Amino acid sequence: MLLVFLLMLALIMVATLVTVQTATYGHSTGQVRSHALTSARVVQDKIQNRATQLSTALSTFSQDFSTKGLIRTGKDDPASLRSALGNHQKRMEADLSWVLDQDGRLLSSTAETEAKHLEVSAERYLTGGIHWLKLDNHYYLVQAAPVKFVESSPRANAWLFGAIDAAKLIEQQLVELTDMQVSLMADGAVVVGSTLPMVQAETLLSQVNQVLHSPGSLKLDDMELLFFTFPIGQADALSLQLVLVTPADKAYLSYNSLLGQLALILALAAALALIAAIVVSNGITRPLTSLVSVTNKISKGQYIDEVPQSSTAEIASLSGAISEMQQGIRQRELEIQQLAYFDALTGLPNRNQFNEQLRELIAAQKAVTLLVMDLDRFKDINDTLGHGIGDQLLKLVANRLATLAVPNLFMARLGGDEFGLLCFDDKQVDADTFAKKVRAIFEQPFAINKIVLELDASIGLAVCPEHSSDPDNLVQLADIAMYSCKGHHHSYAIYAPALNKYSVQRLSLMTELKSALASDQLQLYYQPKLDLKKSKVVGVECLVRWIHPVHGFIAPDQFIPLAEQTGAIRHLTNWALRKALQQQQAWRNLGFELQVAVNISALDLVDMKLPEHLAALLDEYQANPSSLILEVTESALMMDAEAAMRALQRIHDMGLVLSIDDFGTGYSSMGQLKQMPVHELKIDKAFVLDLANNKDDQVMVKTLVSLAQHLELSTVAEGVEDEQALSMLREVGCDKAQGFYLSKPLPAAQFESWLRSYQPPLATELNA
Ligand code: C2E
Ligand code: MG
Ligand code: MG
């Protein structure tokens, strides 16, 4: 800006100077010229005056009688005439005088020159004008007057001449009069007379001769001079000129001083403009520069509390706009941060923040207990009750988590139905206490829109630095613990290296399961059920086994929960049902009448196609509906979904046998049990395994059996591992027993040979 300013100023200055210079130079030149012209006139007038004086004096002398007489007798008495001429010449202040007779012959002269030079035509010199004559290399101003002896005579009898040395005409006085040096030049070369010293005049005029035009400029002793020439008469063929000379700086004095003043004014204006430009550009550029640095800071993510203000309206509005922009960016950044670090549904921090927090705590070398929690069967809730209810449930869980009385606690929703909690730097709360406190929030059911939901969660914990000091690894370990907890239906699990196997193939298994079904990697194993009253094997429980080509034997606990999560469980159930009925038919053909029991999951119950599918299968394998038992876990049944209840009812109506598996581990009440269309309770093996030694278990089993009898339900005890247990069960009136004491689950062929060789204990033996 400053540069453009200065450039413009310089241009304007140069233009002004050039115009002023040409104008004033022209004017000054005109002035000098007119001065020279006037001066030339003055000089010419002076010479003219001398010529007139001379002419008048000659006339007077020529009319004098004595003069006439002397001329008449001139031939005879030249001395007298000459003397008279000399006297008169003095009076006329002339330098020469002479007389020609009527024929033009010289009569007398005061000059020394040859007569022929003086015998000139008098007519030329009569007019009173300026006439020159060159005599012996000298120039003279010459005048003539006729002499008539008789005044009336038409012809002149003689001619009287007077001449003044031309050099004398150029007097010093002229310098004062004209303020110029005056010279008279003849023939363009010869200095006739000059107000200058002769040497100077000659060098000067030699240069004048080379300059064609007047006025011209020349140099004398390093001084610039201006000269003007004016013609001033002829001497024979030679022209005479007046040369007027004046120093150039004197002539252009006013012009130069004007230019000087102008330059000064322009320089002053330039200085002022420069200052103004600096002030103005500072007023704009300085605030702009500071605004630029502000925007640079904003771009680096720093925020400025005070955006620089300015008195300039434009800058002020710009800084206002920048301030608003910063506001906007800050707002959006907050929103983005909210989105990036918080879960929109529950308002809890999200996985990103959870990971960051964990990393920070570990970096600060804090002791951290990490808890991951996954809601059980949340997918079913979403599927059956809709996502709206699912969302509300998640909010309620978040609310309950917020009421946890754990001092140093950080919690986040990790995604879906998964929550993460960090308990740090707290020696009072060990992993078990922490897990139990979290568990406790599920004790009360959740109520949403008059729907009461029993909810459960799988909880896994890992401790830093005990298990790992790497944040990612710690999360992974807690996940492993959590999945093992899901698989084993424990209320929570703390990581232990033994759980590792559980996680290794977890992910790949999930994806492989479907193809495994197609490629016969899955098999059904059969575990006998002994009717304690008839002392006879009356049925089998069909249990799935996965013989993986790479990982080998995989227990159902490791993949059923995963299959439930991914939804692949439906394919597995269909497959198991078909296999079981197929096998039953095969045994029937061999003469073995066996009930087959197939485990189905909660998810299968909400599958609307299950009843039709069952009917089709029964038809296909010509099976009696009452020979097919469906085992559903107690917790699956507690999912008090209408759809599940309707499905159970339809299956019940079809004549199938429904059995509540793992009974005793859930929270079902008498009232709920009463309403359920089931036939059988399967007492969980947790109460049976140690039945012989554990008094509590004995009470529990007794109670459960009498409860079942009260509800008119038959009972099956699983996990019978010894003879004592078997007889105790029989004692309390349990209907069937299943367990390793009879047989482990076996592949079909082995089961057959087991069955053939099996000798059921006699009722009497059992009683003993
Ligand atoms: P469950 O239905 O309660 O099956 C009984 C489990 O107890 C079986 O474990 C069986 O091997 C085990 N068991 C039987 N007698 C004894 C005993 O005397 N001592 C001990 N310690 N254990 C005994 P398994 O086969 O590992 O199956 C575990 C669970 O996997 C089953 O529990 C069932 O919930 C599920 N499951 C198995 N097959 C299927 C299936 O085809 N579909 C579905 N949905 N679930 C299945
Ligand atoms: Mg079962
Ligand atoms: Mg069971």
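Tutor: Buried means under 20% relative accessible area, exposed means over 50%, and partly exposed lies in between. Keep in mind that this model is predicted.

Student: Is aspartate 95 buried, exposed or partly exposed?

Tutor: Buried would need under 20%, and exposed over 50%. Aspartate 95 has a relative accessible area of 22%, so the class is partly exposed.

Student: Which side chain meets aspartate 95 in a salt bridge?

Tutor: The rule asks for a side-chain nitrogen of Lys or Arg within 4 Å of a carboxyl oxygen of Asp or Glu. Here the N to O distance is 2.5 Å. The partner of aspartate 95 is lysine 168.

Student: How many residues apart in sequence are the parts that this pair ties together?

Tutor: Aspartate 95 sits in the loop between H3 and E1. Lysine 168 belongs to helix H5, residues 166-169. The pair therefore ties together parts whose separation in sequence is 73 residues.

Student: Is lysine 168 buried or exposed?

Tutor: The cut-off for exposed is over 50%. Lysine 168 has 54% relative accessibility, so it counts as exposed.

Student: Where does arginine 413 lie, the salt-bridge partner of aspartate 343?

Tutor: The two side chains meet at 3.1 Å, N to O. Aspartate 343 is in the loop between helix H10 (313-341) and helix H11 (351-363). Both aspartate 343 and arginine 413 are buried. The pair links distant parts of the chain, 70 residues apart, and arginine 413 lies in strand E12.

Student: Lysine 533 and aspartate 735 form a salt bridge; how far apart in sequence are the parts they tie together?

Tutor: Their closest N and O atoms are 2.7 Å apart. Lysine 533 lies in the loop between strands E18 and E19, aspartate 735 in the loop between helix H26 and strand E26. The parts tied together are therefore separated in sequence by 202 residues.

Student: Is aspartate 735 buried or exposed?

Tutor: Lysine 533 is exposed, at 51%. Aspartate 735 has 18% relative accessibility, so it counts as buried.

Student: What is the strand order of the open sheet of five strands?

Tutor: The pairing is antiparallel. The edge strands, each pairing on one side only, are E2 (106-109) and E3 (132-135). The order is E2-E1-E5-E4-E3.

Student: Which helix packs on the sheet, touching E3, E4 and E5?

Tutor: Eight bridges join E4 to E5. The helix in question makes about 35° with the direction of E4. This helix spans residues 2-63 and is H1.

Definitions and conventions:
Residues are numbered from 1 along each chain as its sequence is written. Chains are lettered from A and ligands numbered from 1 in the order in which they are written. This is a predicted model: local features need pLDDT of at least 70, side-chain atom pairs count only at pLDDT 80 or more; totals for chains, interfaces and linings use all residues. Side-chain values use heavy atoms; hydrogens and water are left out. Two strands pair if DSSP finds at least two bridges between them. Helices (H or I, at least four residues) and strands (E, at least two) are DSSP runs, numbered from the N terminus. Contact means heavy atoms within 4.5 Å. Axes are lines fitted to C-alpha atoms, for helices over the stretch in contact, and angles run from 0 to 180 degrees between N-to-C directions. Buried means under 20% relative accessible area, exposed over 50%, partly exposed in between (1.4 Å probe, protein chains only).
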